[in-house]
Amino acid sequence: MKRNRLISILNNRGIIEAISLSLTIILWELVSNFIVRNPGKLPSPYSILLAFCDIWEIIPLDIGISLLHFGIGIGAGAAMGIIVGMLMGWFRIVDRIMDPMVEILRPIPPLAWVPFAILWGGLTHYAAGFIVFIGAFFPILINTYTGFREVDKTYIDAARVLGCREEWKLIKFIALPFSLPSIATGIRIGMGVGWMCVVAAELFGVSKSGLGYRLFQVFWPLHMIDKLILYMIILGLVALLLDRLFRYFVEEKLFKWKRGIVIAK
Amino acid sequence: MKKYVSVLLTLILISGIITVCGASEIKTLRIGYQPSTHQIAEMTAMEKGWWTRDLAKFGVENITDTEFSSGPPEMTAMMAGELDVAYVGTAPPITAIDKGLDAKIVASVNTNGSALVLSPGLAANYTSPADLKGLKIATFPPGSIQDTILKKWLKDNGLDPGRDVHIIGAGPGEAITEIMTGVVDGVFLPAPSPTIIEMADAGKTVVYSGEMFPNHACCCLLVSGRLIREHPELVKQIIRTHINATRYNNEHKEEAAEIYARKVRGTDVEKVKESIKRWDGAWVYDPHIEINSTLVYAKVDYEMGYTNKLLTEEDLFDTSLYDEVMGIAPAPGTVSPTPQPTSQPTPGFTSLLVIAALLVYIVLRRFKI
Amino acid sequence: MNYKLEVRNVTKAYISEEGEIKALEDINLDVKPGEFLCIIGPSGCGKTTLLRMIAGLEYPTSGEIILDGKEVKGPSPDRGMVFQEFSLFPWRTVLKNVEFGLQMRNIKSKERHAIAERYIELVGLRGFEKHYPYELSGGMKQRVAIARALATEPSILLMDEPFGSVDAQTRNILQEELLQIWKRTKKTIIFVTHSVDEAVYLADRVVVMSARPGRIVECIDIDIERPRKRTSVEANVIREQLLRKLITEHKKVGLI
């Protein structure tokens, strides 16, 4: 009886997750205090909590600036990624023209673009946004492209028969709505990659604040490892929050009908 | 099979114990340095083989030196246990020792020697520090001498380093590229970078560091606490070799420039010679002369929140070995030889390895494999 | 007599790696207004291609297609079409699907609504306006497709095996409903199918096509009075006739 009771408690949402998280933190505290014993290498969770209390005032500013860079990059990445992906996905000739450039530029890691961004963009928020853009652009492009390529011919036929004749109308009324879930997926992936690029973007000190800036330009040279790890955690949490918010507001609406198709096919 | 496993485990145990206890021999000495004319003493001793020659009698078979773009990354490496000796400014050790680095400054290397360079247009219109408002200046990362002196000087002149001037941390190479391409308006760097920029017509020096903070300490000789405690004679010889190299460079400035140009690839020897002519620095070796200004750095760092406590002479310097080398009787009340740090950095993972090996051995025994 | 649709000497050929492939050869067909015409034939005989050419989605290599006295040049809503499956726009509700053709004609929203509602009711789906296609069964989806095609009040309705992917019972029900709709709207319908039973139940006239290159082999009038019984003697006679014809054609292509 007791065993069944225990299992049903554990099956409750969040219980096992909470236990796992707590155990990890406890284990970490033990390891850092008794095994590693070097706060310069592995600070304990407690010292990270203290670090938070020490610098909490500056965290909102840093998050804000990083989100600014992120916003610039995602905005540009989505706008350009969707437009180029749309054109490449719909018009074969555009695909053939753009493909070589895309295939060569795509694998270049965003970090490698940083010097280029600084030389051309200077130490501005736009240079940082550019790096985020590089990270976000390609997933959005590819997913938009795929979405457009996957449009069933039957939809196009049906639309044409119903009087939708011009190319731009077909794109607007058929291809675009059909591709919206793919585009949303692309944006979601782009957001993930883009946020990771925020640190690279701020690495070289293009701005005077920001999570990446403070991590590499302040905490690291000053050997403030506890604050460094705190910022790592914050970076992860913000990314998680952004992703969940996107899922909640966007995907809920868009994916309803796509689920239907997948099951049917 | 059982025999092999037992032997293997015993070996692991033994090597674990040995590592834990620490080798008493120093077979390899690892030196860190930066590409700056401040530290040619290290390069001279290296090129002429004086390190090898002088330290051989202590059992040192191999001497390596590693280049770092500036002090803070050099200290990171030392904190990770990668360096035994570092040629570094007296400021980076402050933040490092505050966060647990076990090391002491045993000798000085140079004073002054850095300069604020602005792009030609801005330099022509420069009259006072207030003209720096709104500019972008590249210098070494926070914790370095350059960063500390620049920020202190700006504050002394009524400017807020955080808001009024955009200071970015970089290495010398990046900073030079950035001023040459107009990404930044100015740089504050140690020699020979200012001269290199001037001779490329990419900028003009407006303030020397010696004007910002007269006779300020710059580079020093930093040695790990373990070396000082376990091999004081070795450290005294390091100091002696350093003194000889410094004296040699003072008497052979042209040759010093050539040694630098050979050591730091891609440098034009003419520019280095010119830099040595133009700089306001001096090559030195007495650690005592650096104590006061270093304590000022410690205060500035503490006020900026870079350190948790205000570090003292005791925390940073050990001048006893230098005094012994020079035959100076220690002044009454000076520090005694570097004491054992109260918290030994534990070789945590090695002990784990030993415990694991023991456990495996016991388990295997138990199940008769 | 004025024919609704005239197909004159239509040939369709493709150029492929093996050379020229004739999909359809010399098709001649006249359809009377209000007629329910079925086209049957073996797979690959080109009946879908013919239908698509009438719709304007493909062009004949030679010959003409004339609707209401005007030559067909490209797709247009006066030739409505119902496809076999996956033609409903899944991101639009039932109402918005049916409205689509009207939207393309820039008809104002209120009016669109009203017209669309009418046709939704015609196909018996009142109350499902706000549903999405994924929430509907196969039979319901095809009903929506029919409503959508009819909403633009086409001159002729083309149906390409519209009941091919629903189960047998639903199929029978849909056939009856289609006949009801046909009675009420008096549309000319061209219905392509594989099923002889379906053709016999629905059509005024059945056109049998040969295997590739597709040619019209035979036209059979079905004079049986409506409402028809699926299992009546006359129906069986015609069914027998058609089946034999089809088997011959299948044998020619080696499909049997």
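**Close-up views of a predicted two-chain model**

**View 1. Helix α7 of chain A, residues 125-149.** Helix α7 of chain A has 25 residues and reaches 35 Å from its first C-alpha to its last, close to the 36 Å expected at 1.5 Å a residue, where the expected span is 1.5 Å times one less than the number of residues. Helices here are DSSP runs of H or I with at least four residues, strands are runs of E with at least two, and both are numbered from the N terminus. This is a predicted model, in which local features need pLDDT of at least 70 and side-chain atom pairs count only at pLDDT 80 or more, while totals for chains, interfaces and linings use all residues. Residues are numbered from 1 along each chain as its sequence is written, and chains are lettered from A and ligands numbered from 1 in the order in which they are written.

View 2. A residue is buried if 20 or more other C-beta atoms, placed from the backbone, lie within 10 Å of its own, exposed if 12 or fewer do, and partly exposed in between.

**View 3. The side of chain A that touches chain B.** Here 17 residues of chain A are in contact with 24 residues of chain B, a contact being two residues whose C-beta atoms, placed from the backbone, lie within 7 Å. The elements of chain A that give two or more residues to this side are α2 (15-36), α6 (114-121) and α10 (211-219).

**View 4. The two domains of chain B.** The domain assignment gives domain 1 (2-112 + 218-326) and domain 2 (114-212) of chain B, with bounds that come from an automatic or database assignment. Their centres, taken over C-alpha atoms, are separated by 27 Å, and the contact takes 27 residues from domain 1 and 20 residues from domain 2. On the domain 1 side, α14(B) gives the most, with 5 residues.

**View 5. D131(B) in its loop.** D131(B) has its place in the loop between α6 (120-124) and β7 (136-139) of chain B, and D131(B) is partly exposed, with 14 other C-beta atoms within 10 Å. Not counting residues up to four places away in sequence, D131(B) touches N125(B) and Y126(B).
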